[in-house]
Amino acid sequence: LIRNPMKKALLFIGMILMAAGLFAQEEKEVVTGAGYANDVYYSLETGTVTTVQRDNWDIGIITQIYSVSILTNGGSGVELYTYTNGDTANWADLDTTGMMWKPLYNSLETWDEGAFSANATGHPDYGWGIYGGMGLITGDSLYVLKTIAGAWKKVAIVEKLATNQWEFKYANLDGTEEMTVNLNAKDYPDPSFVYYSLDSMKLQEREPATAEWDLLFTKYWDNSIPYSVTGVLANEDHIELQEVREAGMDQSTHNSFEEADFTSEISVIGSDWKDFDFSTGWILTDTVVYYLKAYGETDSTYYKIYFTGFTGMSEGKYTFMQEQIESVSNRAPAAVQLLEVYPNPASDQLNVVLDHEGEIRISVIDITGRMLQSNSYVSGGFHTHTLNISDLDPGLFFIRLEAGSESQVVRFIKE
């Protein structure tokens, strides 16, 4: 760590000069196929990692032991509804007569909140089930799901055990062809999700290892519009992003971002860098660039990308310029620097290592956004602050550091 402010300033200036000569813009292509038939997992460092069929799954179950997310394939037509007239106790007598229910969608902020968790109200209610202690979550909600093939099914998540074993069941609405699926998520240590098709009754191993990809070129449901869109989602586990829109900008030379404005929200790039005109076809926005910060073991690598072409359904080809800016930040440090959180996972105490002069607020937040702890301190520079988390139930949480208008967030797991 560099503690001397003058040395820091010299390093940042040196990196600016060095970066100007080391890196150049490169034109990149990602092809998702005619009709956007495929998903493409992409690495900023190595390019396309994996191209996989997009419509061969209905639900995706997270493999991380302390998460409960279950996705739906909204981009391929899967629809999910909570059965509002009962719960799992009404499995045998579900009745969809006059069904006027509100559909459920995946979050566009985090992969940790799939459509099955859309009704979560906070611990111990995780949407599809209730936490009962000792790592056991028991399903209490009954769902109606339309598969990619258009078949209507009733679905219930039976339970998730502390050993990361899942059980769920589904059947036709009249109760015929009932299937029970047992999934040991420990068998899939590398990808973030394992996928299942209710139509083919098969598990689909389609996602590369989480550490291997940064961006996903895909089709997904955007409820803010609302309809399915083609666009780019991010890997929140090791990349943060920032969108900069400026009237009259030159995308090729633009090089101005704010360190404090990076976020792990997965849909920062999304789909709104393009628009469709029925007379002329696809029109790209030339007043937006995206900055990406990929975390490494010892430092971060910064990239800039902006889109230069999109062919639409004919071949699903994205064309964009990519530029590596630097291997460590060349911007002045943020008002608050979160350097490390350890141990992670943690059981009783969590150490937060930070570098900040002045007042700072440290908060603990659960996956629903509910603040569980929040306290202000005066920090005198490089410092380790220890939090007591013994009262938290096992699961996924967030640490948020705030100083003035700037903040940083990191995830941790409570054992």
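1. Contacts across the chain. Take contacts in the protein between residues at least 6 apart in sequence: 57% of them join residues at least 24 apart. Keep in mind that this is a predicted model. Val 68 and Glu 113 give one example of distance in sequence against distance in space. They are 45 residues apart in sequence, and their C-alpha atoms are 8.0 Å apart.

2. Overall build. The protein has 1 helix and 27 strands. Its radius of gyration is 23 Å, close to the 22 Å that the globule rule gives for 415 residues, so the protein is as compact as a globular protein of that length. Along the principal axes, the C-alpha atoms fill a box of roughly 70 × 60 × 35 Å.

3. Surface and charge. Of the 415 residues, 48% count as buried. The protein exposes about 19,100 Å², and carbon and sulfur atoms supply 49% of that area. Count the charged side chains next: 26 are positive and 59 are negative. The centres of these two sets lie 0 Å apart.

4. His 254. Look in the loop between strand 17 (239-245) and strand 18 (274-277). His 254 sits there. Is His 254 buried or exposed? Its relative accessibility is 9%, and the cut-off for buried is under 20%, so His 254 counts as buried. One is with the side chain of Glu 246, at 3.3 Å. Another is with the side chain of Tyr 291, at 2.7 Å. Leaving aside neighbours within four places in sequence, His 254 is also in contact with other residues, including Val 244, Met 249, Val 289 and Lys 304.

5. Val 68. This residue lies in the loop between strand 4 (59-62) and strand 5 (70-72). Val 68 has a relative accessible area of 6%, so it is buried. Which residues does Val 68 touch, not counting those up to four places away in sequence? They are Ile 62, Ser 117, Tyr 126, Trp 128, Ile 137, Trp 166 and Ile 367.

6. Ser 192. Here is another buried loop residue, with a relative accessible area of 9%. Ser 192 lies between strand 12 (179-184) and strand 13 (193-197). Its side chain is joined to that of Thr 210 by a polar contact of 2.6 Å. Beyond residues up to four places away in sequence, Ser 192 touches several others, among them Ile 61, Ile 62, Thr 63, Gln 64, Glu 207 and Asp 237.

7. Cis peptide bonds. Check the bond between Ile 225 and Pro 226: it is cis, with omega about -5°. Pro 226 is in the loop between strand 15 (215-222) and strand 16 (227-234). A cis bond also joins Asn 344 and Pro 345, with omega about 10°. Pro 345 is found in the loop between strand 23 (337-342) and strand 24 (349-366).

8. Positive phi. Asn 164 is not a glycine, yet its phi is positive, near 70°. Asn 164 lies in the loop between strand 10 (152-160) and strand 11 (165-172). Glu 177 also has a positive phi, near 55°. Its place is the loop between strand 11 and strand 12. Which of these residues is buried, and which is exposed? Asn 164 is buried, with a relative accessible area of 3%. Glu 177 is exposed, at 59%.

How values were computed:
Residues are numbered from 1 along each chain as its sequence is written. This is a predicted model: local features need pLDDT of at least 70, side-chain atom pairs count only at pLDDT 80 or more; totals for chains, interfaces and linings use all residues. Side-chain values use heavy atoms; hydrogens and water are left out. Helices (H or I, at least four residues) and strands (E, at least two) are DSSP runs, numbered from the N terminus. The radius of gyration is taken over C-alpha atoms; the globule rule is 2.2 Å times the number of residues to the power 0.38. Buried means under 20% relative accessible area, exposed over 50%, partly exposed in between (1.4 Å probe, protein chains only). Contact means heavy atoms within 4.5 Å. Accessible areas come from the Shrake-Rupley method with a 1.4 Å probe; for residues, only the protein chains shown count as cover. Lys and Arg count as positive and Asp and Glu as negative; His and the chain ends are not counted. The place of a charge is taken as NZ of Lys, CZ of Arg, CG of Asp or CD of Glu. A polar contact is a pair of N or O atoms within 3.5 Å; within protein, one must be able to donate a hydrogen and the other to accept it, and residues adjacent in sequence count only if both atoms are side-chain atoms.
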